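Subject: Structure handover

Hello,

Here is the structure for your files. Please open it alongside this note, as the findings follow below.

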Amino acid sequence: MKVQYSSRVHSGYPWIGEVPEHWHLSRIGQLFQQRSSKVSDRDYPALSVTKSGIVPQMEHVAKTDDNDNRKLVKAGDFVINSRSDRKGSSGIAEMDGSVSLINTVLQINEELAPRYCHHLLRSTAFQEEFYRMGSGLVADLWSTNFSSMKNIRIPHPPLGEQTAIASFLDRETARIDGLIKKKVRFIELLKEKCAALITHAVTKGIDGDVPMKDSGVEWIGQVPSHWDVSRIAALFREAFRAPDPSLPVLSVSIHDGVTDGELSDEERDRKVSLSEDRTKYQGVAPGDLVYNMMRAWQGAFGAVQVDGLVSPAYVVAHPIAEFRTKFIEHILHTKSASEEIRRFSRGIADFRMRLYWDHFRNLRVCLPSLEEQDEILAHIDRETTRIDGLISTTNRSIELLKEKRSALITAAVTGKIDVRNAA
């Protein structure tokens with residue numbers, strides 16, 4: 001059970017609320033000194049300011065060419081990204097280095113324990129106040145400079161109490177983070193299980209007692225002896241349909257196949273860039289197979305479920321035999337199929353690899369009877385629905401743990417709970 005302080009007074013600041021009577025309230029400008037020394041990343045290694053704290057610069061982040069125009073960071077400094085679209089990116093630096101000019105670097109004075117400062121200034125309540133004090137023309141360019149930040153008042157107890165709070169939060173957040181890590185790993189295992197289940201079902205079937213044979217297709221290996229081998233060219237013909245502008249624009253992804261409806265404005269901004277002229281698209285119909293030429297080797301295939309439009313950059317294939325296109329989609333999403341498709345693709349680098357129809361049509365796949373395809377698809381639907389349910393439940397529990405973590409930090413650093421004697 002969490003203990004509250006016996007005597008509290010209102011701070012006068014909504015984001016803080018009541019604080020213990022013996023705590024202090026001071027402006028950031030009184031407790032921190034801005035560090036603005038310009039350095040080169042040749043002399044001070046580049047650091048990344050992330051939501052997980054301050055770390056050596058990560059390989060995947062965009063890098064500036066202005067190597068000599070960076071801010072100095074010393075071990076023990078607090079660094080925070082001033083941009084609202086990087087909300088929560090901050091922390092105590094554990095090593096000397098340099099950061100881009102968009103970050104604010106603060107040297108902490110002797111009245112603050114660095115780890116207490118780390119938790120306080122990374123708390124959700126402070127982050128909201130920090131960005132409330134900012135300015136900008138549009139949301140994604142909104143930023144908070146030190147000239148505004150220095151006027152924010154923050155709560156701080158005596159130094160020994162700060163250390164006790166920091167130790168408590170270090171321990172409790174590590175415990176919660178450990179639980180989250182286990183749940184994330186559980187989700188990864190569920191996804192691996194799902195992929196393995198689908199791969200086995202569409203290449204080996206779901207009857208473990210049937211005799212097997214060598215398919216003659218190296219990337220597939222053995223299949224049930226009654227399954228047939230077919231070239232894609234025997235199953236599909238490339239199609240070119242005139243577009244109906246009244247139909248929705250569909251997209252294909254490497255994870256979810258073809259959408260059943262048009263993307264929302266938010267999804268469109270995040271995933272694709274659409275032309276306003278729908279006559280530039282091509283029509284698709286249920287049963288078609290669609291793939292993105294440039295991402296086919298990553299699994300960007302999908303079976304079409306509804307009438308619609310797709311990008312002219314996609315390849316559309318119309319079935320010319322009786323089978324379930326969804327079954328083919330599952331086959332093409334397997335890891336071994338992706339490796340084979342990569343072999344059929346042409347290009348000098350991964351981001352330039354393209355799968356042309358003239359090459360794709362020669363790919364060979366194995367199919368059971370139509371009745372067995374339906375049985376396998378029903379089995380896949382049942383099992384993936386069950387696994388997706390477990391993933392959804394686990395994701396929700398992760399969100400609850402994150403909310404608990406955030407609330408615990410805010411409560412401790414604003415004096416809503418007394419953790420001085422916490423075991």
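A definition first: Lys and Arg count as positive and Asp and Glu as negative, while His and the chain ends are not counted. The place of a charge is taken as NZ of Lys, CZ of Arg, CG of Asp or CD of Glu. On that basis the protein has 56 positive and 57 negative charges. Their mean positions lie 5 Å apart.

Some ground rules. This is a predicted model, in which local features need pLDDT of at least 70 and side-chain atom pairs count only at pLDDT 80 or more, while totals for chains, interfaces and linings use all residues. Residues are numbered from 1 along each chain as its sequence is written, and side-chain values use heavy atoms, with hydrogens and water left out.

Overall build

The protein has 11 helices and 25 strands. Helices (H or I, at least four residues) and strands (E, at least two) are DSSP runs, numbered from the N terminus. The C-alpha trace spans about 80 × 50 × 45 Å along its principal axes. The radius of gyration, taken over C-alpha atoms, is 29 Å. A compact globule of 423 residues would come near 22 Å; that rule is 2.2 Å times the number of residues to the power 0.38.

Contact means heavy atoms within 4.5 Å. Take the contacts between residues at least 6 apart in sequence: 73% of them join residues at least 24 apart.

Surface and burial

The accessible surface is about 22000 Å². Carbon and sulfur atoms hold 50% of it. Areas come from the Shrake-Rupley method with a 1.4 Å probe, and for residues only the protein chains shown count as cover.

Buried means under 20% relative accessible area, exposed over 50%, and partly exposed in between (1.4 Å probe, protein chains only). Of the 423 residues, 44% are buried.

Cysteines

A disulfide is a pair of cysteine sulfur atoms within 2.5 Å. By this rule there are 0 disulfides. Two cysteines to look at are C117 and C194. C117 counts as buried because its relative accessibility is 1%. C194 is also buried, at 14%.

Helix α8

Helix α8 covers residues 325-332. Because 7 of its 8 residues are buried, the rest of the structure largely encloses it. The buried ones are T325, F327, I328, E329, H330, I331 and L332.

T325 has a relative accessibility of 8%, so it counts as buried. Neighbours within four places in sequence aside, T325 is in contact with F236, G287, D288, L289, A303 and P319.

- A242 sits in the loop between β17 (236-238) and β18 (252-253). It is exposed, with a relative accessible area of 68%. A242 and K87 are 155 residues apart along the chain, and their C-alpha atoms are separated by 46 Å.
- H226 is in the loop between β15 (222-224) and β16 (228-231). At 42% relative accessible area, H226 is partly exposed. H226 and V210 are 16 residues apart in sequence and 8.9 Å apart in space, C-alpha to C-alpha.
- P158 belongs to the loop between β13 (153-156) and α5 (159-204). It counts as partly exposed, with 36% relative accessibility. P158 and H22 are 136 residues apart along the chain, with 8.3 Å between their C-alpha atoms.

Best wishes
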